Amino acid sequence: MMYRFLRHFFLPHHTNNHRAKALHPDILLVYILLLAVFNFSFRYIHTQYPSILGYATDIRLGELLDLTNQKRTALGLSQLKLNEKLSLAAAKKAQDMFANNYWSHTSPEGKTPWEFVTSSGYEYSMAGENLAKNFSDSSGVVEAWMASRTHKDNIVKPGYKDIGYAIVNGVLNGEETTLVVQMFGATNKEEVIAQKPVPLSTGTSTEALGDQIPMNILDVASPEATKSFLSSLSSVIQTPKINIPTMTRVIVFIFLGFLIAILIIDGCVVSRRKIIRVAGHNVAHIMFFMAICLALMFVKRGVLL
Amino acid sequence: MKRKWIPILNFIVLAIILSSTVFLFGQVRENKMMQILVGILISILYVTWGMIHHAMQGDLYPKVVVEYLLVGAIAVTLIVTVVWI
């Protein structure tokens, strides 16, 4: 009984019109429906039980600073000092991005990064900003910045003396986002070049969907309050039982492997038995699914700006 | 002799279509929406290639058309699943 079912499902036979049942149009439709159910159930479980099914993240200010300084030291450059005012500017920028729902160096109202730096009390002679979102760890963020010419230029610019960070979780454009804002600066009055921001693009602004930074706290003048506020933005650590990106990839690649394997088996049996039938071309389907596998390898969650 | 080369030529064209669209997919990796659009483009091109290939072979039947459409739809669903999560 079991053998008959497996033969019917995986091998071309007269019971399945000489085409593995797993490749019949009705079963292909079932795969699509199952994938849709998988998508929706993952999203539902994530919203209901984020500690079980979520995005594993471990980004810490200390690690970002150490890794950045390691890159500079390796090039014979001076180490950057963590500056509270620049961290406050980074926090204000992150807050503005979540409040106005944009992913850009310039806000939809035209607010530049330099305005956040100035309003935080840092009198810059040169300044720069790097942004990153949805990376899972600190080294991933720094390595991605180093791999991008414009971001690397900021990290290894000899003129910078200070650095500030904000690492914040929120919802940006409807997507759960871990945002890293890195602000560079120097107050040396002899260097009077304000660095242009790295390529600007206007983010789509619809509605503010998330904001985990309390607006009022940014205006508090008390140094203690500022300090404790900034320390709350020094890391994002989430350790769900199941990491969504890893789990999704595993399921998708196993499914693609399953389809490719069935197509190979089906093609081999049909070719050996010299069966003539009306069906799509197995070799073409295999090439197509392998191309999809390759394309999916390019997908990464972390994005820079 | 000429007809013998047509399927081979068709598969060379398919390989070119797939490799160039996968390359394009890699080029837009910073933009999720573009990745999904390129994923849809790959599928549309594949379904079109399938139709033309089977029409040239003389075995383009509704069942074959449905199969190519479903294979293309599976690919789009997989791309959306991985890109959006």
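Predicted model: local features only at pLDDT ≥ 70, side-chain atom pairs only at ≥ 80, totals over all residues.

A: Residues are numbered from 1 along each chain as its sequence is written, while chains are lettered from A and ligands numbered from 1 in the order in which they are written.

Q: Where is Ala284(A) found?

A: Helices (H or I, at least four residues) and strands (E, at least two) are DSSP runs, numbered from the N terminus. Ala284(A) sits in helix α10 of chain A, residues 282–297.

Q: Is Ala284(A) buried or exposed?

A: A residue is buried if 20 or more other C-beta atoms lie within 10 Å of its own, exposed if 12 or fewer, and partly exposed in between, with C-beta atoms placed from the backbone. Ala284(A) counts as buried because it has 21 C-beta neighbours inside 10 Å.

Q: Which residues is Ala284(A) in contact with, leaving aside neighbours within four places in sequence?

A: Contact means that the C-beta atoms, placed from the backbone, lie within 7 Å. Ala284(A) touches Leu14(B) and Gly50(B) that way.

Q: Which strands pair with β6(A)?

A: Two strands pair if DSSP finds at least two bridges between them. Strand β4(A) (residues 126–133) pairs antiparallel with β6(A) over 8 bridges, and Leu131(A) stands opposite Val181(A) there. Strand β5(A) (residues 162–172) also runs antiparallel to β6(A), joined by 11 bridges.

Q: How many residues lie between β5(A) and β6(A) in their hairpin?

A: There are 2, and Asn173(A) in the turn has a positive phi of about 50°.

Definitions and conventions
Contact = placed C-beta atoms within 7 Å.
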